Amino acid sequence: MDEIVLQANHISKSFHDPVTVPVLKDVNLAITKGEFVAITGKSGCGKSTLLYILSTMDTDYEGELMIGGEVMRGKSEKQLARVRNEKIGFVFQFHYLLNEFTVVENVMLPGLKLTAHTESEVKVHAMDRLKTLGIESLADKKANQLSGGEKQRVAIARALINNPSVILCDEPTGNLDKKNSLIVFDIFKKLAEENKQALLIVTHDQEFANNTHRIIEMEDGKIIKQ
Amino acid sequence: MNVLLIVKIAKALLLARWKQTLVAAVGVTFSITMFITLLSFMTGLNDLLDGLILNRTAHVRLYNDIKPSLHQPIDISTEFKQSHNFIRSIKSGSSRQEIYNSGAIIQALKKDSRVTGIAPKITAQVFFNDGSIDITGVINGIDAQAESNLFHFTDYVVEGNPLDLKNVSNSIILGKGLAAKLLVEIGDVVQVTTAKQQQFSLKVVGFFQSGLAELDKVQSYASIATTQKILGKPNDYITDIQLKVVDMLQAPAIGKEFAQLFQTDAEDIQTANSQFETGSFVRSLISYAVGVTLLVVAGFGIYNILNMMIYEKMDSIAILKATGFSGVDVNRIFLVIALSIGFFGGFVGLGFGFLLSFAIDQIPFNTASLPTVKTYPINYNPIFYVIGSTFSLITTYLAGWAPSRKASKIDPVIIIRGK
Ligand SMILES: Nc1ncnc2c1ncn2[C@@H]1O[C@H](COP(=O)(O)OP(=O)(O)OP(=O)(O)O)[C@@H](O)[C@H]1O
Ligand SMILES: [Mg+2]
């Protein structure tokens with residue numbers, strides 16, 4: 001049995017705006033090391049909401065979240081930031097690069113924040129990630145000079161910089177064409193199988209989902225099939 | 001390491017909006033420039049006006065006042081010890097203006113370590129005779145050397161040499177106004193008549209200008225020996241002993257002590273010129289108030305630019321938080337931005353403030369009443385620069401506080417969901 005890196009027990013969440021709407025109802029899931037998991041489901045069923053909770057950014061939920069065997073509840077904002085920095089990589093549908101910085105600097109930022117390595121070491125790591133994603137030639141360009149697909153790959157490189165044990169993606173290929181989606185998919189698969197990192201990816205792309213190790217299907221705030 | 005990273009991010013955000021940043025910094029620069037200039041100039045003026053009086057006033061003056069004796073004979077009578085005595089029409093006794101035993105007192109004062117300078121003086125009321133007109137005047141018998149050391153006498157002698165009072169016998173230095181009335185030049189002889197109808201001829205060796213025109217119309221200076229001769233007094237006759245002490249604030253206490261010790265009256269500078277302090281204080285207060293007001297306005301500029309920056313950089317803040325920067329880190333990033341605007345704006349402001357006050361210092365300022373002053377007075381006290389830079393950092397910190405706090409509280413989920 002592989003070790004569990006991410007575990008959610010009985011997670012529920014409701015919005016109170018202005019009437020109480022339950023969005024997640026008793027969600028249970030566990031992801032082990034090196035697993036490549038897809039979450040699918042209809043629009044509005046609560047996939048993004050679940051992902052924000054799993055990423056520790058949203059702390060307003062019921063239930064228990066464990067990352068790397070540690071309980072997240074009760075941690076301070078600062079401690080949670082540290083967990084995100086160290087253990088979680090997040091890729092959004094939108095890339096969110098800082099236009100003031102070059103591509104390689106964008107990738108380096110979370111690495112510098114971690115302070116586990118010197119700046120030159122972090123730079124080597126960043127160039128490494130860019131090479132993996134096939135965009136090392138863009139390293140010194142400003143972030144806003146890139147195409148959408150290139151930006152998305154930079155965002156993935158940034159998520160990988162600290163070798164997180166879990167990578168969470170919310171429709172990472174939503175803005176990409178078929179060819180770029182395939183590139184990203186191959187990268188993810190390699191990360192899971194070679195680096196033994198766990199991946200949890202929200203997607204509407206059924207073909208993409210079918211090629212993963214496991215599909216979690218959600219409906220109306222509940223997991224209906226694992 | 002983390003500090004460097006925060007500064008690096010702050011710098012990138014700042015440079016991305018360098019035009020607005022510059023405008024905000026220019027606001028700080030302007031206010032610090034005005035603050036420094038205003039304070040240097042106001043303090044320069046204060047020093048000048050204070051100096052006008054303080055330089056020429058003794059810290060403690062020992063003299064004998066003409067006044068009725070405190071102890072009337074009836075007080076000694078044992079018969080009326082228990083009664084209240086009412087005495088009408090008391091006259092001042094034959095108490096003399098002379099300070100008894102002045103030689104010994106001066107010797108004693110010279111040994112006192114709290115006393116930094118001693119200048120004896122005699123004042124004599126005389127009439128200056130100009131044809132048929134008599135002009136009332138005062139002759140101050142002084143020791144020219146001591147008077148120069150203590151009260152910058154030399155500075156106010158605009159023509160002639162003050163030491164001639166000593167070197168030329170029966171010589172006098174006239175106030176500029178008095179000389180104008182008497183129509184005399186250096187080398188001329190003036191006639192004076194004393195209160196006791198004694199006539200004297202004195203040779204004019206110089207003119208002085210004190211800065212107070214009224215004073216210059218009546219005052220004149222002669223040596224102590226000459227004045228004693230005019231008054232027909234022996235050569236130990238002294239009416240005033242003027243003292244400078246180490247600590248001016250101690251003057252009242254020292255004055256009281258000496259009055260007791262030497263059986264004279266004593267007047268101290270605080271009592272004589274208390275209102276000057278008030279004037280200086282009000283002028284400084286106004287300078288500070290204007291400087292701080294300007295800084296507050298500059299502070300609002302910084303507040304605005306930061307708010308705008310945070311509004312524009314919501315996405316960046318959200319992703320920084322999502323990738324592991326805490327609220328404290330984000331707060332620091334924006335505080336660094338605010339403080340660097342304050343720091344650089346303030347620093348340049350200090351430079352401009354110095355240059356502007358230096359420029360004012362070059363502007364000619366000639367006034368008949370202030371012979372020693374050639375340009376506008378400026379005080380280059382470094383403390384103004386310290387206060388100015390401290391103020392600029394404090395205001396920018398306060399201006400940056402609220403926006404930075406707001407930035408640190410941004411919820412990344414709301415921003416990311418919004419896309
Ligand atoms: N701030 C909010 N207040 C109230 N309701 C909200 C809020 N945010 C989301 N919801 C609701 O929660 C539900 C789940 O939203 P979520 O974004 O998780 O859906 P999703 O599964 O990611 O959909 P999609 O595939 O379209 O991205 C939706 O019905 C949405 O209307
Ligand atoms: Mg979604």
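A few ground rules first. Residues are numbered from 1 along each chain as its sequence is written, with chains lettered from A and ligands numbered from 1 in the order in which they are written. Because the model is predicted, local features need pLDDT of at least 70 and side-chain atom pairs count only at pLDDT 80 or more, while totals for chains, interfaces and linings use all residues; side-chain values use heavy atoms, with hydrogens and water left out.

Let's start with ligand 1, which lies between chains A and B. Its shell takes in residues that have a heavy atom within 4 Å of the ligand. Among them are A:Phe15, A:Val23, A:Ser43, A:Gly44, A:Lys47, A:Glu171 and A:His204, together with B:Arg417 from the other chain. The biggest share, 3 residues, comes from helix 1 (residues 47-54) of chain A. Helices here are DSSP runs of H or I with at least four residues, strands are E runs of at least two, and both are numbered from the N terminus.

Now for the polar contacts, meaning pairs of N or O atoms within 3.5 Å; within protein, one must be able to donate a hydrogen and the other to accept it, and residues adjacent in sequence count only if both atoms are side-chain atoms. A:Lys47 puts a side-chain N or O atom 2.7 Å from an oxygen atom of ligand 1. A:Gly44 uses a backbone N or O atom instead, 2.8 Å from a ligand oxygen. For the side chain of A:Glu171, the distance to an oxygen atom of the ligand is 3.4 Å. On its own, ligand 1 exposes 640 Å², and the protein buries 64% of that; the areas come from the Shrake-Rupley method with a 1.4 Å probe, and for residues only the protein chains shown count as cover.

A:Phe15, one of the shell residues, also has the charged end of A:Lys13 over its ring, 5.1 Å from the centre. That label requires NZ of Lys or CZ of Arg within 6 Å of the ring centre and within 35 degrees of the ring normal. A:Arg73 does likewise over the ring of A:Tyr61, at 4.7 Å from its centre.

What about rings meeting rings? Over all chains there are 16 aromatic pairs. Rings of Phe, Tyr and Trp (its six-membered ring) pair if their centres lie within 6.5 Å; planes under 30 degrees apart are stacked, over 60 edge-to-face, and the rest tilted. A:Phe36 and A:Phe185 are a tilted pair, because their planes meet at 40°, with centres 5.5 Å apart. A:Phe36 is in strand 3 (residues 36-41) and A:Phe185 in helix 6 (residues 178-194) of chain A, so the pair ties together parts 149 residues apart in sequence.

B:Ser102 sits in helix 4 (residues 102-111) and is buried, at 4% relative accessibility. Beyond four places in sequence, B:Ser102 touches B:Asp236 and B:Ile238, where contact means heavy atoms within 4.5 Å. B:Lys181, in helix 8 (residues 176-182), is partly exposed at 41%.

Note on methods:
Buried < 20%, exposed > 50% of the residue type's maximum accessible area, 1.4 Å probe, protein only.
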